[in-house]
Amino acid sequence: MTDHLNEQQAIPVSKVQRAAKFISTGAKVGGNYVKHYAKKMVNPSMDKEELHKNNASDIYSSLSQLKGSALKVAQMMSMDKNLLPRAYQDKFTMAQYSAPPLSFPLVVKTFQKYFSKSPDQVFDTFTRSAVNAASIGQVHKATLGEKTLAVKIQYPGIADSVSSDLKLVRPFALRLLNMNERELDHYMEEVEEKLLEETDYILEVRRSREISGECSHIPNLKFPIYYDELSAERIITMDWIDGVHMKEWLVTNPSQESRNQIGQALWDFYDHQVHNLKTVHADPHPGNFIIQENDQLGIIDFGCVKVIPEDFYQGYFALIKKDLLINSDELDQVFFDLEFISDKDSPEEQEYFKSVFREMISLLGKPFHSDKFDFSDDSFFQRIFELGDRISNDKKFKKSNQARGSKHGLYVNRTYFGLYNLLNQLQAEVVTTKPDWLK
């Protein structure tokens with residue numbers, strides 16, 4: 001809920017306004033560094049915890065007012081726990097649930113643009129305040145006849161600012177993600193494409209229907225119905241899904257059986273999408289799921305969807321097999337195809353990067369190597385975070401003259417990191433179904 005958050009009366013829309021906000025935030029961050037090093041001169045043993053907290057607070061405050069792509073990138077980074085200091089993780093996680101909402105007059109303005117009516121003229125009832133607000137849009141609760149509805153409204157100007165915002169957020173991303181510039185540029189194209197898709201609500205409704213229809217046979221999943229006549233380019237109307245977010249549900253101390261049932265529904269949902277549909281809901285953060293009575297899992301957002309190319313799928317999951325029965329020439333070709341190595345690498349570099357990526361994919365593939373996997377095993381996640389930290393600080397990666405890994409891996413990896421993280425929060429043990437060829 002967003003009742004306790006101050007509503008915004010306007011969003012900076014023009015490139016000049018948004019750039020000015022980034023510049024002022026950069027100045028604040030710079031000032032925080034000056035203060036930190038001044039204090040460190042007096043107390044050399046002082047760590048960077050206070051600096052991280054101040055920077056995280058200033059950056060999040062700025063991004064939450066800008067909303068859109070910049071805030072979405074913060075949300076994405078908060079999901080990848082090994083990428084950021086804890087202060088940033090904690091602050092940026094708020095983008096998943098509780099960004100400051102827009103005031104009602106701005107909501108009315110959007111309805112007037114697309115329906116030539118106010119929300120009160122379209123629906124029988126419509127909440128003046130948002131019940132949920134995130135990076136791209138906010139949700140209001142409405143009724144029409146006997147139907148209770150969720151109405152998602154996109155923030156003004158967000159679609160037009162994607163490209164320019166990503167250029168502005170680039171310096172912060174370089175510093176926070178500890179990437180080299182080539183690597184960041186390699187992935188930013190994919191991020192931009194996905195963010196532009198997320199602003200296309202007509203595309204989202206179509207994909208929502210297609211994927212929910214294809215997954216309707218999976219036990220313990222619930223999907224809303226979408227209403228074309230009440231939707232538009234920047235507005236989506238769907239059934240209201242009763243229930244609570246995972247964080248609230250876990251506070252009730254659910255039984256292990258309930259945790260496992262929700263966890264199994266999550267695993268089955270992603271297993272079917274990745275291996276059968278090759279099209280996947282690629283935004284598995286807790287804010288996109290609702291837990292209902294009788295341990296049913298509601299899926300409420302299909303804004304971010306990744307279509308997985310067949311050649312990428314075959315190579316990626318070939319490396320996950322427990323018994324990798326590929327001869328060295330075929331294996332080298334997989335590494336080339338996945339862009340882990342290239343003909344620009346020396347033989348020594350090729351061997352080094354192959355060994356690192358085999359270790360990484362083998363670790364990520366561990367849940368596939370048994371019939372059941374206990375995601376409450378914190379040591380498994382600790383090894384993932386340690387490997388991520390080791391790679392991000394490895395001089396060979398930093399000095400590499402090329403990006404490592406296919407751009408398609410960005411959202412596939414993110415999907416599995418997000419899924420594993422959700423299952424870890426649930427402390428669930430699940431039957432790790434997989435295609436026969438991957439067993």
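## Helix packing in a predicted model

Let's start with a pair of helices: α12 goes past α17 in a right-handed crossing. This is a predicted model, so the picture below is of predicted coordinates.

Who does the touching here? On the α12 side the contact comes from F312, Y316 and F317, and on the α17 side from H408, G409, V412, N413 and Y416. Sorted by class, that makes five nonpolar residues, three polar ones and no charged ones. As for geometry, the axes of α12 (residues 310-320) and α17 (residues 408-426) come within 11 Å and cross at roughly 55 degrees. Angles from 65 to 115 degrees count as roughly perpendicular and those under 35 as roughly parallel, and α12 and α17 are therefore oblique to each other.

| Helix pair | Axes come within | Crossing angle |
|---|---|---|
| α12 (310-320) and α17 (408-426) | 11 Å | roughly 55 degrees |
| α13 (328-337) and α14 (347-364) | 11 Å | roughly 85 degrees |

With the axes crossing at roughly 85 degrees, α13 and α14 are therefore roughly perpendicular to each other. Helix α13 brings L331, D332, F335 and F336 to the contact, while α14 brings Q350, K354, F357 and R358. By class, the α13 and α14 contact has four nonpolar residues, one polar and three charged.

On to α5, which covers residues 104-115. How far apart are the end C-alpha atoms of α5? They sit 16 Å apart, and that agrees with expectation, because twelve residues at 1.5 Å a residue should span 16 Å. Buried residues in α5 are F104, L106, V107, V108, T110, F111 and F115. What do they pack against? Their partners are helix α6 (119-122) and the strands β1 (125-126), β3 (137-144), β4 (147-154) and β6 (235-239). Just past the end of α5, S116 has a positive phi of about 55 degrees.

Zooming out to the whole protein chain, there are 17 helices and twelve strands. Of its 439 residues, 55% count as buried. Taking the contacts with a separation of 6 or more, 71% are between residues 24 or more positions apart.

Key
Residues numbered from 1 in each chain as written. Predicted model: local features only at pLDDT ≥ 70, side-chain atom pairs only at ≥ 80, totals over all residues. Heavy atoms only, no water. Helix = DSSP H or I, 4+ residues; strand = E, 2+ residues; numbered from the N terminus. Expected span 1.5 Å × (residues − 1). Buried < 20%, exposed > 50% of the residue type's maximum accessible area, 1.4 Å probe, protein only. Contact = heavy atoms within 4.5 Å. Axes fitted to C-alpha atoms, helices over the stretch in contact; angles between N-to-C directions. Parallel < 35°, antiparallel > 145°, perpendicular 65-115°, else oblique. Left-handed = near helix turned anticlockwise from the far one by under 90°. Nonpolar A, V, L, I, M, F, W, Y, C, P; charged D, E, K, R; others polar.
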